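Please read these comments beside the coordinates. They are meant for a quick check of the fold.

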Amino acid sequence: MRGRFRTEVRKRELRGKMAKKRRIKLGKMALVAFITVLIWVWADRAQDQPMPVQKPVITIAKSTSVDIWASFSDPNDPNVPVSRLTLAEMVVSGPASRIDEVKRQIETGSLVPEFFLVPETEAMTTPGRHQLNVLSFLKKSEKLKRYSLTVESCKPGRVFVNLVRLVEKKLAIVCIDAERNRVKARSIEPAQVSMLVPESWQDSDLVAEVRLTSGEIVEARKAPVEKTPRVELGPGQTREASTTVKIMTLPEEDSLRDYPITTVTLGFIFSQNLQGKYSVELLNPDEVKGAIKIRATSEARDAYANMTRYQVTLEIDDEDAKTEKPRRNLVYNLPQYYVRQGQIELNQPPVEARFRLIPLSPEKTP
């Protein structure tokens, strides 16, 4: 009996060991299968996948050179300078996990596909037109490198960057409201500021704006309001003056009124080729020399009425000598100081002069 019992015990132990070995073997096989699946998934996710980026933007960063203004040429109008350029196409590639992360961040707004161009880092330091290799520029982006992404393609492939040298000039101050309507100023101290602007700016371009809120307009009727003038070099690109100005606006009862200028002095401006060769016969003198309707403050009206130069001029071009009865609108020489201050404006359509050129002598006629 005792021997048979021991035999049964040994059989049970043997069966238990065999079952344990089978469980271990099955466990190892399951682990190997799981690891294999992970490897395949990881390998699949590690493969680079392409992703188009919607509306990527390149923006001109502030230049370290304060006397340089950088801008792109607008693809739709090369004569218009812009500070931001939206690319038509951009495709990046990278690990699928990174692509998913970037997509998610772009959708939530935590990642903006905007890239800043510092002209100096692209060896753009001299005034003129420079060409930027967009693909090369984007490939160097630290923003994309952080996500292990590579730029595969983009359109356009090249764009132009314009660098303009700025020089210091005196600018007149004008006041505007939130809707960019002119605000009539009683006084602006100082009336001019020095600012860096393109050298090509002349005459009517030399204006710096001060924007007043509706509250500030009311406040400035009682006491000076201090503001910083600024200029807009191009769409979205403004520069502020280094000094402030103090502004007082006109009381409501002192706003512009209608006035006629009854004594009108007319001058003629001939082209160089016609100078001294013709006299002018006006065919509608009553209209040309008639009263000029203006809206102005009393001070601006007096300045225009008493000016020593011509209040209106008629410009004579070369083509007028070939025309029997030329027509041209008069030029109204409103005092520019008061125009910039918003204190005077023409209150009628420009009069069209009809005239005839009379040769002074036949041999001088072209």
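The points below go from the whole chain to single residues.

1. Basis. This is a predicted model, in which local features need pLDDT of at least 70, side-chain atom pairs count only at pLDDT 80 or more, and totals for chains, interfaces and linings use all residues. Residues are numbered from 1 along each chain as its sequence is written, and side-chain values use heavy atoms, with hydrogens and water left out.

2. Overall make-up. The protein chain has 8 helices and 27 strands. Both are DSSP runs numbered from the N terminus: H or I of at least four residues for helices, E of at least two for strands. Of the chain's 366 residues, 36% count as buried (under 20% relative accessible area, with a 1.4 Å probe and protein chains only). Take the contacts with a separation of 6 or more: 74% of them join residues 24 or more positions apart. Contact here means heavy atoms within 4.5 Å.

3. Strands pair if DSSP finds at least two bridges between them. Strand β2 (residues 57–60) runs antiparallel to β5 and is joined to β5 by 3 bridges. In this pair, Val57 stands opposite Thr86 of β5.

4. Cavities. There are 3 cavities of 30 Å³ or more. A cavity is a set of points on a 1 Å grid over the protein atoms alone where a 1.4 Å probe fits but cannot get out; lining residues have an atom within 4 Å of a point. β6 (89–95), α2 (96–108) and α4 (142–145) each supply at least two lining residues. By class, the lining has 13 nonpolar residues, no polar and 1 charged (Ala, Val, Leu, Ile, Met, Phe, Trp, Tyr, Cys and Pro are nonpolar; Asp, Glu, Lys and Arg charged; the others, Gly among them, polar).

5. Leu171. Where does Leu171 sit? Its place is in strand β10 (residues 158–176). Leu171 counts as buried because its relative accessibility is 0%. Its C-alpha atom is 5.3 Å from that of Gln192, 21 residues apart along the chain. Not counting residues up to four places away in sequence, Leu171 touches Ala191, Gln192, Val193, Met195, Val197, Leu206, Val207, Ala208 and Val231.

Technical notes. On a 1 Å grid over the protein atoms alone, a cavity is a set of points where a 1.4 Å probe fits but cannot get out, and a pocket is an open set with protein on both sides within 12 Å along at least five of seven lines; lining residues have an atom within 4 Å of a point. Grid points are joined across faces, edges and corners, and a volume is the space filled by probe spheres set on the points. Buried means under 20% relative accessible area, exposed over 50%, partly exposed in between (1.4 Å probe, protein chains only).
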